[in-house]
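Keep the sequence and the model open while you read.

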Amino acid sequence: MNPDITAVDHHDDHGPEQGKGFIGFAKRWVFTTNHKDIGTLYLLLALLNFFVAGGMALLMRVELFHPGHRFIDPNFYNQMTTMHGLIMLFGVIMPAFTGMANWQIPMMIGAPDMALPRLNNWSFWILPFAFLLLLSTMIQAGGGPNFGWTMYAPLSTKYAPPSTDFMIFSVHMMGISSIMGSINIVATILNMRAPGMTMMKLPMFCWTWLVTAFLLIAIMPVLAGAVTMMLADRHFGTSFFDAAGGGDPILFQHIFWFFGHPEVYVLVLPAFGVISEVIPTFSRKKLFGYNFMVYATGCIAFLSFIVWAHHMFTTGIPLGAELFFMYATMLISVPTGIKVFNWVSTMFRGSMTFETPMLFAVAFVFMFTFGGFTGLMLSLVPADYQYQDTYFVVAHFHYVLVPGVVFALFAGTYYWLPKWTGHMYNECLGKWHFWLSTISVNILFMPMHFVGLAGMPRRIPDYALQFTNFNMIITVGGFIFGISQLLFAWNVIRTIRGGNKVDARVWEGSHGLEWTLPSPPPYHSFTTPPNVH
Amino acid sequence: MLRKLQLSKALFIVFCLVSCNVVFAEADSWQLNMFKGVTPVSRDIYNLHMIAMLVCAIIGFVVFGIMIYTLVHHRKSKGYQAARFHDNTRLEIVWTIIPFLILLGLAFPATRTLIRLDNVERSEVTVKIVGSQWKWEYYYLDEGVHFFSNLSTPYAQIQNKKTKDKNYLLSVDNEVVVPIERKIRFLVTSADVIHSWWVPELGIKRDAMPGFMYEAWARIEKPGVYRGQCTELCGVGHAYMPIVVRAVTMEEYQQWIKQKALEQKTWNEAQINLAGQKTMTRKELMQLGKDKYNMVCAACHQENGLGIPPMYPALKGSSYAVGYPIDRHINIILNGSTGSAMQSYSDMLSNEEIAAIVTYERNAWENNTNDIVQPIDIAKLRVMGNQKPNVVKKSKVGGLK
């Protein structure tokens with residue numbers, strides 16, 4: 001096995017020549033079927049959307065800085081909550097991980113490219129249009145969707161602005177894109193592994209993505225069904241969610257959360273994968289309990305399908321259902337716990353160094369676990385009666401998604417960026433980004449627990465006076481966090497444009513096929529399959 | 001040296017004690033924890049919450065403790081050599097079973113509380129609660145009392161034109177009064193979208209589902225005023241539909257019921273009593289109209305009358321607000337408009353209020369119709385609407401020949 005030799009002559013190959021000037025440039029990116037190009041496109045789209053949806057969050061925080069109506073209307077505020085949620089989930093986290101999957105999976109399993117390159121191109125190029133469509137709702141008559149990303153009927157059917165139809169179509173497009181992307185990932189991992197790369201030798205990132213891809217294939221049609229039923233209720237005279245016509249508003253919540261809960265794990269499983277790659281590298285020790293990590297991933301995926309009603313404990317579902325969903329939800333903390341214990345054991349008696357990716361990974365373990373604790377508390381039905389739909393819930397899922405998933409994205413980006421670009425990022429800037437983010441993310445989300453417990457409902461543009469002091473702190477934290485992300489963007493752009501050259505290995509403790517390729521890797525990753533022992 | 005240490009120790013303890021008081025006093029205004037509440041249920045929930053927190057804290061202490069130890073000691077910079085182990089099935093099984101047992105320990109109190117919570121037999125007072133955009137409506141089913149409960153925080157305070165009250169956004173015009181030491185059953189439903197009725201100190205949160213009714217119960221132990229808010233996003237006015245529950249003794253409660261029933265009867269009669277209607281001046285009408293419009297109508301139709309079309313039509317220049325007959329304008333307020341968010345306000349607003357709103361809408365924002373609508377006009381329409389239709393037999397008018 002010596003991929004370096006075969007790869008060297010392709011080093012400057014950037015795909016087939018598509019012409020000169022802007023047309024050539026545009027054609028190169030629009031028609032590309034290369035997994036690295038498409039991965040880059042996904043990641044850039046996610047970065048852009050991160051600032052768009054983050055800006056929306058800051059707008060909301062400005063309004064919430066002080067009680068009283070100040071800057072934005074309640075209706076606009078509701079549009080912001082909806083858009084922030086939809087874009088952060090479908091436009092930031094999912095594309096970012098798909099981008100990483102595109103870059104990494106072929107390199108990690110020793111393949112030249114993804115299994116279905118043209119499908120890959122299509123599944124990316126749907127997305128920019130889906131988001132343009134979604135954002136266009138903001139300038140339509142009646143404003144954009146204003147019922148939260150959960151789109152609860154009948155607020156989203158009978159009482160929603162006309163632009164909701166555009167949102168529905170945009171969700172369909174995102175769903176098609178995700179399903180195609182997932183099929184591609186499944187096909188790649190199952191069929192394109194290098195000889196000797198058995199399933200139980202797959203890097204964790206590939207495993208978690210394989211499971212995630214199956215989750216996505218299972219749930220995106222459910223979401224599509226839910227929004228199509230919404231559409232039918234809005235225009236075709238059906239009454240799926242209207243009691244007056246024999247329907248039931250809770251039906252919507254059941255369908256939505258049957259999608260929505262596995263979706264949570266769609267967001268978080270790839271993050272687990274990234275962390276499981278980063279921690280062993282910087283601990284200079286193999287991942288502890290690989291087999292159990294794989295089983296735990298499968299277990300989480302299975303359980304994620306039978307816990308959806310824990311989002312609906314206050315809707316009046318029967319006692320038996322409440323008990324079942326409570327127990328099932330509590331069970332999820334067992335496999336998740338296994339993951340955390342294994343990460344800690346990987347670090348235990350390792351020889352650790354703390355470069356930026358490792359810092360983010362360690363912070364991930366701390367704060368994701370913290371978010372897990374509040375998750376366990378939320379699973380207890382009686383306690384959930386007090387937590388449900390308050391800022392406590394907002395704090396919980398932001399702890400899991402921001403210092404959890406988004407930090408994993410940062411860790412993955414800093415970890416693989418030198419491989420992707422051939423340049424080292426600026427470590428000093430990276431550390432600044434890390435410390436500013438970690439401190440501010442806690443200033444931002446920690447007080448939300450307190451205001452939630454004290455009785456502040458979520459999704460309100462104005463609040464009672466006793467919540468003022470914490471809300472001011474939250475807003476300050478939010479702005480520090482938001483501004484520190486500019487450091488990240490700057491660091492990434494700088495690294496893409498230049499910087500110290502790195503060797504193939506990049507990190508002292510790195511293992512795996514992707515580190516056998518030169519940095520940056522050749523256009524077609526492994527033209528001859530490497531042998532894995 | 002030793003004495004110095006002793007002294008600083010003592011000083012440290014004193015400092016801690018003093019600061020402790022300050023911290024706790026300060027923590028009062030910065031409420032950190034859940035309400036303990038005033039019902040057995042809310043207390044159960046609080047205890048469960050504290051147990052869960054304690055369990056999490058212990059697990060966190062152990063896991064984070066090991067992790068921090070590792071982070072401090074097992075560093076390359078300290079010359080620590082990495083160990084080579086990477087597997088231990090026994091350990092994996094241990095840390096699968098231990099969390100499972102901890103969960104069992106948590107599941108027990110949770111299940112017990114939940115089953116107790118679900119018991120709604122033998123209630124002594126039943127209150128039906130109907131949420132609608134954006135107010136609550138209460139029916140005392142056995143006593144026949146019914147009223148609306150609207151936000152009473154003045155619009156000027158929301159707009160920062162006046163200093164905010166202590167109970168900013170948490171005060172209503174009609175409080176729900178319930179007796180203490182009695183089992184109260186709340187039936188919660190909605191007239192339009194999903195709302196959620198939450199009073200933290202009662203430990204009740206129930207989603208109000210349009211077309212379905214779900215129950216919750218409370219036995220309040222302490223008289224007092226307990227405040228809450230709608231907790232399910234229900235549209236533009238979601239932040240503006242608070243709940244205020246006043247718990248009083250049984251005697252006071254019965255008195256209140258009597259008085260409320262009487263009030264309601266007088267109000268209903270006054271609305272259809274054609275002789276007793278007040279005549280108001282244009283200035284009075286415009287003033288009252290502006291206040292009421294901003295409180296009731298502005299969430300949808302906006303303060304500037306432009307609405308959020310096409311969901312909430314503009315009133316400025318609207319055929320209803322400037323066109324004739326004026327009855328059409330009044331009727332849509334009295335009866336609402338089916339198939340839209342416009343609801344019927346006939347039970348909520350008095351003749352004066354409707355007359356004032358109509359007058360205001362017909363003269364504000366360049367709708368210069370110069371029309372003045374008096375309460376009597378509203379009363380007439382109400383009476384007309386209340387008339388029983390004349391039933392005519394088909395055979396008598398010759399239809400069956």
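## Helix packing and chain contact

H8(A) passes H13(A) in a left-handed crossing (the near helix is turned anticlockwise from the far one by less than a right angle; clockwise would be right-handed). This is a predicted model: local features need pLDDT of at least 70, side-chain atom pairs count only at pLDDT 80 or more, and totals for chains, interfaces and linings use all residues. Residues are numbered from 1 along each chain as its sequence is written, with chains lettered from A and ligands numbered from 1 in the order in which they are written.

H8(A) spans residues 249-283 and H13(A) spans residues 391-421. Helices are DSSP runs of H or I with at least four residues, and strands are E runs of at least two, numbered from the N terminus. The two axes come within 9 Å and cross at roughly 45 degrees. Axes are lines fitted to C-alpha atoms, for helices over the stretch in contact, and angles run from 0 to 180 degrees between N-to-C directions.

Residues in contact have C-beta atoms, placed from the backbone, within 7 Å.

Chain B meets chain A through 81 residues of chain B and 83 residues of chain A. H2(B) gives the largest share of the chain B side, 14 residues.

| H8(A) with H13(A) | 12 residues | two residues | one residue |

Ala, Val, Leu, Ile, Met, Phe, Trp, Tyr, Cys and Pro count as nonpolar, Asp, Glu, Lys and Arg as charged, and the others, Gly among them, as polar.

Definitions and conventions: Contact = placed C-beta atoms within 7 Å.
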